[in-house]
Amino acid sequence: MRIVISKGLVALTLALCASNVFASELESLAAGSETAFLNPKFAQTESLTAIPAPAMPVKASATQTPWPYFPGTNEGKSPEFNSPIPNFGMVMKGVYRGARMTKEADYAFLRKMGIDTSVNLQYPFIIFKDAPLLCSKYHLNCSYLPVKIIPRTDVIFGMDELKTAYKFTREEIKAGKTVYIHCWYGQERTGLLSAALIINERMCKPGAERDPQLKEKTWLEVDQSLRKYGYREVHQKPFLAMKTWITEFEKNKSWICQ
């Protein structure tokens, strides 16, 4: 007897299996990959900058963080801010990005930087056990807005969840809050949310559309950010979707410019 298995059933099976796997296990699946960044074949719009060839991954030493990174030029460190949080950096004035917090020194550093709100994109929700107490101690509004993701596959990526996190982050920014956005490594989910914020900053300003090179200039900045913090090519579909936020800005303006 011939058995036919639909693509939908396969996807559902993968989703159910993934729900039983911790985030640390999910993201470590990419640890053996030799492709640390985006492949040029994903740059499909000729008017925008081609993406450089992949580099080799860099693993943290015994004296650094205990999990492997696939960094860009930031190399999983934070040289600009001397931060204890890996991959820490500035998206724009009042918005910072990086990896998850794993010790009290991380929370103390965020407070020192004047950060009011932490936006946690991790899924599943795995946090430092003392996080709730430390959020209170250092007067941080630690918000949890999970975005589903599975390394090495695009079967699951919570793009609608990412837009929800974007809306919340924009509301915090408009309220005058200094925001820190992070996921597990501070690369993919954080990179996509950072990209949306950069697009808003560059393309939603009154009169911005009068610049004939607006899309190209915006992409250059987004591309630089993705490369610096090590966005990985295993997530090409969300990357391509993000790229349309620029190339098809008019279709996405209603939520990008909120």
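Modeller: Let's start with Cys183, which has 2% relative accessibility and so counts as buried (buried means under 20% relative accessible area, exposed over 50%, partly exposed in between, with a 1.4 Å probe and protein chains only). Before going on, a word on what you're looking at: this is a predicted model, where local features need pLDDT of at least 70, side-chain atom pairs count only at pLDDT 80 or more, and totals for chains, interfaces and linings use all residues. Residues are numbered from 1 along each chain as its sequence is written, and side-chain values use heavy atoms, leaving out hydrogens and water.

Cys183 is one of the residues touched by Thr190, along with Arg97, Gly98, Leu121, Ile181 and His182, not counting residues up to four places away in sequence (contact means heavy atoms within 4.5 Å). Thr190 sits in helix α6 (helices are DSSP runs of H or I, at least four residues, and strands are runs of E, at least two, numbered from the N terminus). Thr190 is buried too, because its relative accessibility is 0%.

Now the bonded cysteines. The whole structure has 2 disulfides (a pair of cysteine sulfur atoms within 2.5 Å). In one of them, Cys135 and Cys142 have their sulfurs 2.0 Å apart, and the link is left-handed, with -100 degrees about the S-S bond. Cys135 is buried at 8% relative accessibility, while Cys142, at 32%, is partly exposed.

Cys204 is joined to Cys257, again with 2.0 Å from S to S. The torsion about that S-S bond is about -80 degrees, so this disulfide is left-handed. The pair ties together distant parts of the chain, 53 residues apart: Cys204 is in the loop between α6 and α7, and Cys257 in the segment after α9. Both ends are partly exposed, Cys204 at 23% and Cys257 at 27%. Count the bonded cysteines along the chain and the pairing reads 1-2, 3-4.

Cys204 also touches Ile256, whose other contacts include Tyr166, Ala196, Ile199 and Trp245, not counting residues up to four places away in sequence.
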